[in-house]
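Hi,

Here is the structure I said I'd pass along.

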Amino acid sequence: MARSPEWNTDNGRADAVDARPATFLIPSLARRLVHNHPDDTLHRCPPSVLVLLNASLVALLDEQAADDPSDALITLRHLAHQKINAPPFHAVQPQWLRLYTDATLALVLARVRRIPRRVDEWRTWVRWLDMVIIVAGAVGPQRDEYVAEVIQGVQREFAGKEVERYERMARDTDADADDDDAPPLVPPLSIHYAPLAIPTPSQPPFTPPPYPIVLRRYADPSHCPALRLWHRAAHLLARAGPGRVVPVEIGTSYTDAQWGQRIVPFEVFLQRIGYDLTGLCDGPLSAAADEEIPTDQPLYLAQHDLLAQFPRLREDIGAWPDYIYTAPATHNGETYVPPGNEERLVVNVWVGNGGGTHGESVTGGVVSPAHTDPYFNCYLQILGTKRVWLAPPHVADAMDAFPERTDDDGACAAPDDDDDDDDDLVTSYTTNTSRVPIFVNPDRRLGPTYERRYKRFYERAWPESREAVLQPGDMLLMPPKWWHAMRSEGDGVAWSLSMWY
């Protein structure tokens, strides 16, 4: 029998060295999921919900029980899903996120125990567990570890040949990789969209200055293996395992009318953004899922904690930059409030394709429109190149931000469910976003139309804007509330990692 997983506590995430088959996890995990503590978040649910959940878990503990608790768990999962989707996400009550997490974990265990099973049913189970991370953040004590444990157990037990193929090909390719194996740097790219360059000190400062800077070659492949490994599809698939799904954006910019979101298989996403999956996957890649994705629009994995979803990727990053421990108590005369989680750190990954965009091209690369964030940020470029445009906080009134939508009482309002107006949807959720199309007008050479339409921007914001192009290993240090727009450029895949602190 395989050993229990060993958890790498250095990075605070589960890192299964050797996963147990999912069947062997049922008794121990079901016992850990039973809720008896009165302070548990789940006790905010109606008593009947907790009774039904615990009864289902007890049924899983009895290996001889004939009753299948799946129907009850499906009902609980559906209830939690409704409660999560009804209000704006920031207003979702935590007990429903927790119920969605625990009911899904228990449902997968119930399905694993059920015999007979459909050949590919395990893919549905892995998708459900990925949705726990994507939708609910695997909220609750050690729930992220439980989810990782069950995913790896399901993969080992029901997709062992695929796991072995990914890992064998990753071993073969990783063994040939050395610190010089990272994709070559492109020649320095000129600035086109701002009159000033972002400062690039020759030596990293001890503490970040009160303005943005770019640290060239801050990370190197010997300390951050992602720089030389993440351009290899075999390595990424071995780290994730088969059957995984990820949330992606479809379209060039989230302010476009054609913009949308989908949950897609990780293999399909990698193939669509330019990875070569030859020999890694049997047959066509999830054709049904691929048909739902427009072929004329780029895909972008944006602002997603992929390191939490695929915890084995975390070890490829190395140590966090020391700068994440330097957040001041005050900033610009105001009390600074870092992220509210236990680590006081929010990590997100951004993955897309440069689309062949170079310099002044106005098509191709995925764009993040000019917007602001409330935290200090270490933004590390891992693969590919990314153009960054910045403007200081004090020009906010010249940035023409989307207005905040309010109801009749002046309170913030979510869009109506039957509202088909794309502009209303955008203005509801992008009040920190500018309507100025930064990357459409290089060097203000597209004529007077834009200068008339965005007169205050060109009079007040543009003269103080600055720009840089990030290459692999470069890191942008940026204080809160700076306006920033970004665009992937060049040929091939681009990976970036943001660390809010």
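**What I found**

In the protein chain, 78% of the contacts with a separation of 6 or more are between residues 24 or more positions apart. Keep in mind that this is a predicted model. The chain has 15 helices and 15 strands, and 50% of its 501 residues count as buried.

**The sheet of 8 strands**

I'd start with the open sheet that runs β2-β13-β10-β15-β8-β5-β3-β4, with antiparallel pairing. Its edges are β2 (213-215) and β4 (260-265); each has a single partner strand, so one side of each is left without a neighbour in the sheet. From one strand to the next, the twist averages 25°.

Helix α5 (residues 121-136) packs on this sheet and touches β3 (245-250), β4 and β5. The direction of α5 makes about 60° with that of β3.

Further along, strand β10 (residues 377-383) pairs with strand β13 (residues 475-478) in the antiparallel sense, over 4 bridges. If you want a pair to click on, Tyr-379 has Leu-476 in β13 as its bridge partner.

Strand β8 (residues 346-353) deserves a look too. Is it enclosed or open? Of its 8 residues, 6 are buried, so β8 is largely enclosed by the rest of the structure. To strand β15 (residues 493-500) it is joined by 8 bridges, with the two running antiparallel, and Val-349 has Leu-497 in β15 as its bridge partner. Strand β5 (residues 299-304) is also antiparallel to β8, with 2 bridges joining them; here Leu-301 stands opposite Val-351 in β8.

**The cores**

The largest nonpolar core has 59 residues, and the members that touch the most others are Trp-230, Phe-269, Tyr-275, Ile-382, Trp-495, Leu-497 and Met-499. Helix α9 (residues 233-240) supplies the largest share of this core, with 6 residues. Another core lies apart from it, with 47 residues that include Ile-26, Ala-30, Leu-33 and Leu-53.

Which residues does Trp-495 contact, leaving aside its neighbours within four places in sequence? They are Trp-230, Leu-236, Tyr-275, Leu-306, Val-349, Trp-350, Val-351, Leu-380, Gln-381, Ile-382 and Leu-383. Trp-230, Tyr-275 and Ile-382 are on that list, and they also sit among the core members with the most contacts to other members.

**Two helices worth a look**

Helix α1 (residues 26-33) and helix α2 (residues 47-61) have axes that come within 8 Å and cross at roughly 155°. That makes α1 roughly antiparallel to α2, and the crossing is left-handed. On the α1 side, Ile-26, Pro-27, Ala-30, Arg-31 and Leu-33 meet Leu-57, Leu-60 and Leu-61 in α2. Ile-26, Ala-30 and Leu-33 come up again here, as they are among the residues of the 47-residue core.

**The sheet of 5 strands**

There is also an open sheet with the order β1-β12-β11-β14-β9, and its pairing is mixed. Here β1 (196-197) and β9 (367-371) are at the edges with a single partner strand each, so one side of each is left without a neighbour in the sheet. The pairing of β1 with strand β12 (residues 466-470) is in the parallel sense, over 2 bridges, and the bridge partner of Leu-196 in β12 is Arg-466.

Cheers

Definitions and conventions: Residues are numbered from 1 along each chain as its sequence is written. This is a predicted model: local features need pLDDT of at least 70, side-chain atom pairs count only at pLDDT 80 or more; totals for chains, interfaces and linings use all residues. Side-chain values use heavy atoms; hydrogens and water are left out. A nonpolar core is a set of buried Ala, Val, Leu, Ile, Met, Phe, Trp, Tyr and Cys residues joined through side-chain atoms within 4.5 Å. Buried means under 20% relative accessible area, exposed over 50%, partly exposed in between (1.4 Å probe, protein chains only). Contact means heavy atoms within 4.5 Å. Two strands pair if DSSP finds at least two bridges between them. Axes are lines fitted to C-alpha atoms, for helices over the stretch in contact, and angles run from 0 to 180 degrees between N-to-C directions. Angles under 35 degrees count as roughly parallel, over 145 as roughly antiparallel, 65 to 115 as roughly perpendicular and the rest as oblique. A crossing is left-handed if the near helix is turned anticlockwise from the far one by less than a right angle, and right-handed if clockwise.
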